Amino acid sequence: MKQLKERILRDGKVFPGNVLKVGNFLNHMVDPALTLEMAREIVARFDGCQIDKVLTVEASGIPLAFAVACELGVPMLFAKKAQTKNVSQNVYTARVASFTHGRDYDLVVEKEYLSAHERILVVDDFLALGNALNGLFKICSSADVEVVGAAIAIEKGFQGGGDALRARGFRIESLAIIDSMSDGTVRFRN
Ligand code: 5GP
């Protein structure tokens, strides 16, 4: 998506460890106009997919997921990140290794908010190794819902998570796929 790529080139900062900081428009401060444009693009790509609910993970997936849910007129559900295994029987959980924070956490979703056979679109801000998406897909599988696909703002293609999920048959739509960030320069996949 042209606007997103231009914004990454303008405002994105490459940090050591293959981390791209985009906190001034995507995942700390949020640009509402760009977020709405991204949501419309996602909705267009998944046109006709009869989505019942949008699922994301707190915190930085929420603005884009909310915008997508508004455009679709469906509920948005976010998985919470719990630091403890001490959770109730009434939740689905999945353990996830965090790319940016270097430690594990549990994704937690109340069972009552996912009904069997619902059609779910997963949305997140970043896709790197695919751990967060794998966790969300695992929760979807436990809940016996149907995953229509995943929509991502920025995929770091060189880290392989997206292509591994595509190879497993998941539909992954990323608005900007970065193929390299060496020398601090962002290069996109065509
Ligand atoms: P994955 O689980 O696919 O390895 O990483 C996805 C999650 O890690 C996203 O939810 C995002 O919050 C975070 N993340 C991964 N890479 C980056 C990055 O380069 N920059 C930022 N800001 N977050 C990232």
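Select D183 first: its place is in the loop between strand 9 and strand 10 (187-188). Helices (H or I, at least four residues) and strands (E, at least two) are DSSP runs, numbered from the N terminus. You are looking at a predicted model, in which local features need pLDDT of at least 70, side-chain atom pairs count only at pLDDT 80 or more, and totals for chains, interfaces and linings use all residues. Residues are numbered from 1 along each chain as its sequence is written, and side-chain values use heavy atoms, with hydrogens and water left out.

**Backbone stops**

Stay on D183 and check its phi, which is positive at about 60 degrees although D183 is not a glycine. Most residues other than glycine have a negative phi, and most peptide bonds are trans. D183 is exposed, with a relative accessible area of 74%; here buried means under 20% relative accessible area, exposed over 50%, and partly exposed in between (1.4 Å probe, protein chains only).

Next, pick Q50 in the loop between helix 2 and strand 3. Q50 is not a glycine either, yet has a positive phi of about 50 degrees, and with a relative accessible area of 63% Q50 is exposed.

Now go to A59, in the loop between strand 3 and helix 3. The peptide bond leading from E58 to A59 is cis, with omega near -5 degrees.

**Helix 3 and the core**

Select helix 3 (62-72). Which of its residues are buried? They are L64, A65, A67, V68 and A69. These buried residues pack against helix 2, strand 3 (53-57), strand 4 (76-82), strand 7 and strand 8, where contact means heavy atoms within 4.5 Å.

Then colour the largest nonpolar core, which has 33 residues; L4, L20, M38 and I154 touch the most other members. A nonpolar core is a set of buried Ala, Val, Leu, Ile, Met, Phe, Trp, Tyr and Cys residues joined through side-chain atoms within 4.5 Å. Two or more residues come from each of helix 1 (2-11), helix 2 (32-45), helix 3, strand 7 (119-127), strand 8 and strand 9 (172-180). Helix 3 gives the most, with five residues. Apart from this core lies another, of 25 residues, among them A94, V96, I120 and A143.

**Helix 1 against helix 2**

Zoom in on L4, whose contacts beyond four places away in sequence are F25, L34, M38, A153, I154, L175 and A176. In the meeting of the two helices, Q3, L4 and R7 in helix 1 touch L34, E37 and M38 in helix 2. Their axes come within 10 Å and cross at roughly 140 degrees. Axes are lines fitted to C-alpha atoms, for helices over the stretch in contact, and angles run from 0 to 180 degrees between N-to-C directions. Helix 1 and helix 2 are therefore oblique to each other, since angles under 35 degrees count as roughly parallel, over 145 as roughly antiparallel, 65 to 115 as roughly perpendicular and the rest as oblique.

**Last stops: Q159 and the cysteines**

Show Q159, in the loop between strand 8 (146-156) and helix 5 (161-167). Q159 is buried, at 16% relative accessible area, and touches N18, F99, A128 and L129, leaving out residues up to four places away in sequence.

Finally, select the cysteines. How many disulfides does a search of the whole structure find? It finds zero, a disulfide being a pair of cysteine sulfur atoms within 2.5 Å. The sulfur of C49 is 15 Å from the closest cysteine sulfur, in C140, too far for a bond. C49 is buried, with a relative accessible area of 14%, whereas C70 is partly exposed at 48%.
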